[in-house]
Amino acid sequence: MSIELHFNGIHTGVAPGSSLFDYAEPLGINVPTSCKKNGKCKECVVEVVEGMELLSKPVPAEKHLRDKFRLSCCCKIIADSGVVRCHTMRRGEMRIERHAFQLPAGNEKWQLDPAITRDGDRILLDGEEIARSTSPIHGLAMDLGTTTIVVRLLNLETGEVIADASFENPQRFGGSDVMSRIQYDTEVHSKLLQRTLVGYLTHAIEEFPVDPKTIYELVVAGNSTMRDIFFRLSVYSIGQSPYRSITELEMEEGKRTTTSLSETAKKLLLPIHPKARVYGLPIISGHVGADAAACMLGVNIANEDRVIAVMDIGTNTELILGNKNKIFAASCPAGPAFEGGAISCGMPGLPGAIEKVKIAEDGSIQVGVIGGVPAQGICGSGLVDMLGELLRTNQMNQLGRFESGEDKIVLDVASDSPIYFSEGDVNELAQAKGANVAGLHVIFHDYGIRFEEVDVFYLAGGFGRYLSVESSKRIGLLPNIDDSKIIQVGNAAIEGACIALLSRTKRAELENLVKRVTHCRLEAHPNFFNYFVEGCQFHPVASSPELEKFPAS
Ligand code: FES
């Protein structure tokens with residue numbers, strides 16, 4: 001008898017009796033670990049999507065894990081037959097990109113001015129010696145998302161980007177959205193989320209083609225919760241009205257002058273130079289965090305005359321609107337649906353994800369899969385395409401109901417297991433879209449302009465980069481404005497974090513800028529519910545009727 005094991009999409013027959021970790025090794029699957037596979041490091045988490053009943057019962061070392069998550073070194077296959085389907089917290093691919101850093105448009109005054117400098121063999125941090133070395137000096141910029149993490153390695157003397165790495169946030173076992181992570185960090189196991197993330201980050205840093213001890217600064221962008229968990233701060237207050245980071249509360253009490261954070265690498269258990277500084281970019285307010293702040297640097301809003309909007313769609317969507325004179329910002333708790341979370345066959349935008357969908361005239365569904373490998377699931381841009389195509393071909397109505405009367409659509413694609421899209425998935429996406437659309441309405445309304453009056457609409461974030469603008473406008477995820485105004489800029493937060501790493505001047509500019517931003521609190525807005533309900537429907541979205549219907553607050 002043997003068990004059919006599907007591990008990270010690799011299929012094999014195995015005899016029972018070993019741990020999932022032990023099965024992974026001969027398959028060439030790299031399960032993160034930094035202990036002796038004895039339940040100590042907690043890094044070897046896997047998500048078991050099928051066959052949990054075929055595994056041994058959880059041991060005390062796994063008591064921090066919920067739902068489908070297990071420590072792969074601690075759970076053995078104990079049944080004789082059946083199917084076990086599991087995967088590690090997925091790792092992305094590391095790209096080596098040796099290229100000069102791209103300056104933001106119109107930012108000609110920007111120049112290399114890092115906090116880390118060299119004087120002969122003396123390595124200085126803000127002018128103070130922290131090490132002696134003749135090797136090149138490096139820094140890291142990190143965008144710490146609820147779902148995905150991007151880390152970029154730079155040479156601090158030349159500004160050259162040496163490499164970057166991305167991986168799924170392994171804290172997912174503590175919940176897929178910000179609120180559940182806050183609850184987990186507060187109630188279940190303080191600091192475990194941080195330690196798990198540091199374990200993954202350590203592996204990513206060690207794979208970079210430089211000695212980690214030549215890395216002397218790390219700049220962190222991330223939403224308020226992710227940033228504060230990383231700095232081992234209590235995030236309890238971010239989960240309670242009025243939803244403030246402990247740094248924001250301390251600033252209000254006069255105990256600090258900025259919400260930015262500074263800590264040593266040693267204190268945060270990072271494998272880089274122990275005296276390296278870890279700098280957390282300032283947050284704006286509430287859930288509008290250091291990622292939104294980094295985006296502002298990335299698009300150079302402080303020097304912008306035009307009215308620009310930035311929308312970074314994610315588990316928490318950030319919105320920024322304005323120019324050098326007036327800036328508004330908001331955060332929308334959209335949830336993980338558009339990043340593939342909470343969707344039956346959803347997954348992040350990694351190899352194996354369906355990223356494009358087209359319905360042909362004969363009704364067949366054609367897909368594009370990242371990496372050209374067999375499909376494992378559907379990522380955000382594929383989901384938006386799917387909705388757009390179903391709407392275009394009248395197979396789904398504006399309320400998100402399938403016209404066929406079936407509750408799911410099975411995709412006829414090469415894959416290891418059936419991939420389908422259900423009405424339940426549509427509901428999840430409708431609610432995520434509703435939150436995003438409500439955010440757009442509130443921020444434009446409060447700013448006092450219509451969607452079509454914006455000069456540039458930057459669509460930021462890894463997800464936004466690959467999104468079909470046509471499908472997004474059709475389903476009403478993006479406002480119905482001229483295509484020429486919509487610019488897909490990719491990960492503006494990591495660009496902003498790089499700028500802060502390479503320029504003390506720009507870092508200081510951002511410290512001042514965040515204090516000038518008006519935070520639109522969606523939860524307190526009188527029209528939020530109306531906007532949300534309307535946003536849950538699938539049709540193009542325009543602002544003019546709403547501006548007249550609901551007077552400015
Ligand atoms: S390998 Fe360390 S806990 Fe499983």
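**Entry 1: a strand pair and its sheet**

I began at Lys 358, which stands opposite Gln 366 in E19. I kept in mind that this is a predicted model. Next I looked up how E18, residues 353-359, is joined to E19: the two strands run antiparallel, with five bridges between them. Then I traced the whole sheet, which is open, has three strands in the order E19-E18-E20, and shows mixed pairing. Its edges are E19 (365-369) and E20 (377-378), each of which pairs on one side only. I also checked what covers these strands, and found helix H7, residues 380-392, lying across E18 and E20 at about 15° to E18.

My next stop was H6 (residues 290-298) against H11 (residues 492-502). I read an angle of about 75° and axes 7 Å apart. H6 is therefore roughly perpendicular to H11, since angles from 65 to 115 degrees fall in that class. From H6, Asp 291, Ala 294, Cys 295, Leu 297 and Gly 298 make the contact, and on the H11 side I listed residues including Ala 493, Glu 495, Gly 496 and Ile 499. I sorted the residues of this contact into eight nonpolar, two polar and two charged.

**Entry 2: the cores**

Which residues have the most contacts inside the largest nonpolar core? I noted Leu 20, Phe 230 and Leu 270, in a core of 67 residues. Helix H3, residues 192-207, gives the most to this core, with eight residues. I took a closer look at Leu 270: leaving out residues up to four places away in sequence, it touches Val 198, Leu 201, Leu 218, Phe 230, Ala 265 and Val 278. Apart from that core I found another, of 65 residues, with Met 311, Phe 338, Val 357 and Val 384 among them. As background, I jotted down that nonpolar side chains tend to be buried together in soluble globular proteins.

**Entry 3: the loop between H4 and H5**

Ser 241 and Pro 242 are joined by a cis peptide bond, with omega about 5°. Pro 242 sits in the loop between H4 (224-230) and H5 (246-252). Arg 232 is in the loop between H4 and H5 too, and I noted its positive phi of about 60°, although it is not a glycine. Tyr 243, also in the loop between H4 and H5, has a positive phi near 60° and is likewise a residue other than glycine.

Key: Residues numbered from 1 in each chain as written. Predicted model: local features only at pLDDT ≥ 70, side-chain atom pairs only at ≥ 80, totals over all residues. Heavy atoms only, no water. Pairing = 2+ DSSP bridges. Helix = DSSP H or I, 4+ residues; strand = E, 2+ residues; numbered from the N terminus. Contact = heavy atoms within 4.5 Å. Axes fitted to C-alpha atoms, helices over the stretch in contact; angles between N-to-C directions. Parallel < 35°, antiparallel > 145°, perpendicular 65-115°, else oblique. Nonpolar A, V, L, I, M, F, W, Y, C, P; charged D, E, K, R; others polar. Core = buried A, V, L, I, M, F, W, Y, C linked by side-chain atoms within 4.5 Å. Buried < 20%, exposed > 50% of the residue type's maximum accessible area, 1.4 Å probe, protein only.
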